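Student: I have a new structure open and would like to learn how to read it. Could you walk me through some of its features?

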Amino acid sequence: MSQYTSADYKKGQPRWCPGCGDHFFLSSLHKAMAEIGIAPHDIAVISGIGCSSRLPHYMATYGMNTIHGRAAAIATGCKVANPKLTVWQVSGDGDGLAIGGNHFIHANRRNIDINMILLNNRIYGLTKGQYSPTSPRGFVSKSSPYGTVEDPFRPAELCFGARGHFFARAVATDAPGTVDILKAAQAHKGAAVCEILQNCVIFNNGTHDSVYTKEGRAKNAIYVKHGEPLIFGENQEFGIMQEGFGLKVVKIGENGITRDDILVHDAHCQDNTLQLKLALMGDGDGFPIALGVIRDVEAPTYNDAVEAQIEEVKAKKPYHSFAELLETNDIWEVK
Amino acid sequence: MAESFAPQKQAEETEVVVRFSGDSGDGMQLAGNILSTVSATVGNSISTFPDFPADIRAPQGSLTGVSGFQVHIGSSEVFTPGDQCDVLVAMNAAALKTQLKYAKKNAAIIIDTDAFGPKDLEKAQFKTEDYLGEMGVDPDRVIACSITQMVKDCLSSEPAFMVDGKVDIKGIMKCRNMFALGLVCWLFDRDLDIVSNFLREKFAKKPAIAEANIKVVQAGYDFGHNTHSSVANVRHIETKNKVPGRYMDITGNKATAYGFIAAAEKAGLKLYLGSYPITPATDVLHELSKHKSLGVTTVQCEDEIAGCASSLGASFAGALAVTSTSGPGICLKSEAMNLAVIMELPLVVLDVQRGGPATGLPTKSEQTDLLQALFGRNGESPMPVMAAKSPTDCFNAAYEASKIALEHMTPVVLLTDAYVANGSGAFRLPNLADYPAINPPYVPEEMKGTWTPYMRAENGTRYWAVPGREGFTHILGGLEKDDKTGAISTAPENHDLMTRKRAQKIANIPVPDLEVEGCKDDAELLIVGFGGTYGHLRAATEEMMRSGKKVALAHFRYINPLPANTAEVMKKYPKVVVAEQNMGQLAAWLRMKVDNFVPMQFNQVKGQPFVVEELVNAFTEIYNK
């Protein structure tokens, strides 16, 4: 049992708009940290810039609210230099995937042991309503009055494309679902991307409406769990099966289909093909949106490898101080 | 070294400049390195300068593919690699074509006649077969040898060069540089035993290759002996004014890396380097990434931005954090450097300056990033700026930059340049025990419960609370913070106060007074410079003093904050000339900082080191005006 409660991680009074998804997420993060039980002074929460990047100010941990897009890079240095720290990186969709896209993919590729929170409201909120790299094609915003003419990133695709080993998704208003994936992210050694679907009440209200309420999720989402069949629906009446190169939704009991025919989720599978298919479901395609831990595969972390290499070289090389380093050169003496 | 400033050049003082040139793959750098090491070993003073082509490897024999390495050897201290050489080694036609301009009028020229065939001459754009005539070279100055053929004869029966029953001509050709080296060793009476030892150590894992190279060096030496090859004036270089001690040859980039390692050890911190490859700074990344047995952590990042940003993260986490780059990288790092300013975290930003703007002249040297270092950020963003004055001075400069960053909780820009970074000098092995302690202002344990992030020590420095310490959790960030609580604040008075406090903190950093060298009491002309031009400016100052002119030199290593006596020195002398490899950036800074001060300027932006003779001419004109 953890010796901490949510209150031990809380600080200050959040200034987000009333109803903003960030409030819900913050509360879940406090709760998850309390359940995980790592001391607040051993945690660093590092964000970039944007509405959601204000989050470290409401944490009683160490933290930095840095500059736009650079949170993943700063978190990388923090973790590699001081691997004892537990590092949470918090970004919005603009911070993490537009200006910070390069750092996002490389943190995943290197597999830095940090928890990467992506608060996705598909809009730039702090600058008051421009389309973001996750806004759908045709999205009308202040900077796209006639609709955007570009396709959005799908975060899971970017994470998987960068050889990410962990991807999970939750809806901000779903506290138990959020706490679950945050704990799973912490348990995973390596870069752990958590996409949080959250609403911007002012500039993009309703963007995740189909899954924002419990009722909506019952209809339109599927909670995926490793080792369990992919079953969903208000009465657990639907399931997901493989068909050719793709997936299909089936009704259990129809056409002779039983629960045993339903695809069983494997988050630990190295091959991410089916995990990606799950992650991309639910964009008005008749599939439910997948929530929970979609991919969770063990792999060596960068920071562990850095430390191990240092230890290995220390054991091999004969010099361990600056004075000894000098002696490794061609030296002559002038008398 | 100001104490040893010797205006009178003694008659027996001797010095020579040797320039090796050839294709990028001809091993000119190695030949030059061995000559300088051998000379330094017997106590001569040395200064070297490699001149690389920008191309990775231009077509063989082409004009753009020529690489040079210049070595200046002196009986007493030498400050530059020399304006022009006394001996030019040209391994092919293209080398002769492009490098002759670096040779003195009476210089001896060693050529490999086998590399001056019709094809070679065509590639080097000679019009006739009389290449010497075309270049206006007196054949009496030329030591013409059939190097390629002699090296082939020397090695074709060596078992080391037999591959599958065939003679490995390519491998043999790699030893041509050693023949030239051997010949130069003959000319200047260098001890071949030292050369042999050097080669045996360098090729310790391939003893047969070492012996083959030694054989070729000996052949070159014997060729000189047998043909009575000679050069005008100099044969033996005496050793004078030597400072006893143990020495090594070190380039500026290596010395910089060593300075960071030394500072981290002294401060008891992990050294973290976040970097991205960029010419001419990459050797610092190479060097530091070798020394994992000292616990050095290097991260080759996805871009320059992450190089700086990850270093700042490492700094927050409690490391001595360094990011290394050149000017184009500074452009990208500037936002994270600025974040370091407002978060008041230690960070050293190394800028090995090169020719700009944009990609500019990547392998060439300039001092054009000074104003960028001082001002190239948004907002009021004061930052200490230092500049190293020679390859060996890079060590102390890196140590001092680290000390300032850690003790004053600030990013520091350390400027070197391609010339200083790639050049080398004899480095007297430092004893870390003699160096000043580095004491970061860790927040005292008794402040637990009352501490807030922007509380300051007496000198205005914020305390450092490294994550992991209980009772000191806090949030830093790029938004302005309240002076007292550390919470985000946009209050007008607070921002004004914090801006002033950040500026005052930098202004409070103690730096040593500016030294004046030469005729410090009665100079008619004060020569002023900064950073990597020190050697040339000092040589020019000495030269003018030898001809009876009253001149002095004031050379800046600390540029922000400026030494306290800056205004006093600048206004003490009737004439002042600021000489720099840019269009007047230090002059502009001094004019900003010293009331009613309008110096004369000498500016050159050629990507090449100053030429002492040109400096002397320009300064003499100013002097006589």
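Tutor: Gladly! Keep in mind that this is a predicted model. Let's begin with one pair of residues: in strand S17 of chain B, Leu476(B) is the bridge partner of Met64(A).

Student: How many bridges join S2(A) to S17(B), and which way do the strands run?

Tutor: Three bridges link S2(A) with S17(B), residues 475-477 of chain B, and the two strands run parallel.

Student: How many residues of each chain are in contact with the other?

Tutor: For a meeting of two chains, list the residues on each side. Here 49 residues of chain A are in contact with 58 residues of chain B. On the side of chain A, the elements giving two or more residues are strand S2 (62-65), helix H2 (71-81), helix H4 (101-110), helix H10 (302-316), helix H11 (322-326) and strand S14 (331-334). H2(A) gives the most, with eight residues. By kind, the residues of this side of chain A divide into 25 nonpolar, 16 polar and eight charged.

Student: What does chain B hold in the way of helices and strands?

Tutor: Chain B has 21 helices and 23 strands. Its radius of gyration is 26 Å, close to the 25 Å that the globule rule gives for 625 residues, so chain B is as compact as a globular protein of that length. Along its principal axes, the C-alpha trace of chain B spans about 85 × 65 × 45 Å. Of its 625 residues, 55% count as buried.

Student: Which domains does the assignment give for chain B?

Tutor: The domain assignment lists domain 1 (2-227), domain 2 (249-434), domain 3 (441-509) and domain 4 (516-624). To place two of them, take their centres over C-alpha atoms: those of domain 1 and domain 4 of chain B are 35 Å apart.

Student: And contacts along the sequence?

Tutor: Ask how far apart the partners sit in the sequence. Among contacts in chain B between residues at least 6 apart, 77% join residues at least 24 apart.

Student: Could we look at a single helix, too?

Tutor: Start with the general idea: an α-helix has 3.6 residues a turn, so residues three or four places apart point the same way. Now take helix H15 of chain B, residues 393-408: at 1.5 Å a residue, its 16 residues should span 22 Å, and the end C-alpha atoms are 22 Å apart, which agrees.

Student: Why is H15(B) said to be largely enclosed by the rest of the structure?

Tutor: Because 15 of the 16 residues of H15(B) are buried.

Conventions: Residues are numbered from 1 along each chain as its sequence is written. Chains are lettered from A and ligands numbered from 1 in the order in which they are written. This is a predicted model: local features need pLDDT of at least 70, side-chain atom pairs count only at pLDDT 80 or more; totals for chains, interfaces and linings use all residues. Two residues are in contact if their C-beta atoms, placed from the backbone, lie within 7 Å. Helices (H or I, at least four residues) and strands (E, at least two) are DSSP runs, numbered from the N terminus. Ala, Val, Leu, Ile, Met, Phe, Trp, Tyr, Cys and Pro count as nonpolar, Asp, Glu, Lys and Arg as charged, and the others, Gly among them, as polar. Two strands pair if DSSP finds at least two bridges between them. The expected span of a helix is 1.5 Å times one less than its number of residues. A residue is buried if 20 or more other C-beta atoms lie within 10 Å of its own, exposed if 12 or fewer, and partly exposed in between; C-beta atoms are placed from the backbone. Domain bounds come from an automatic or database domain assignment. The radius of gyration is taken over C-alpha atoms; the globule rule is 2.2 Å times the number of residues to the power 0.38.
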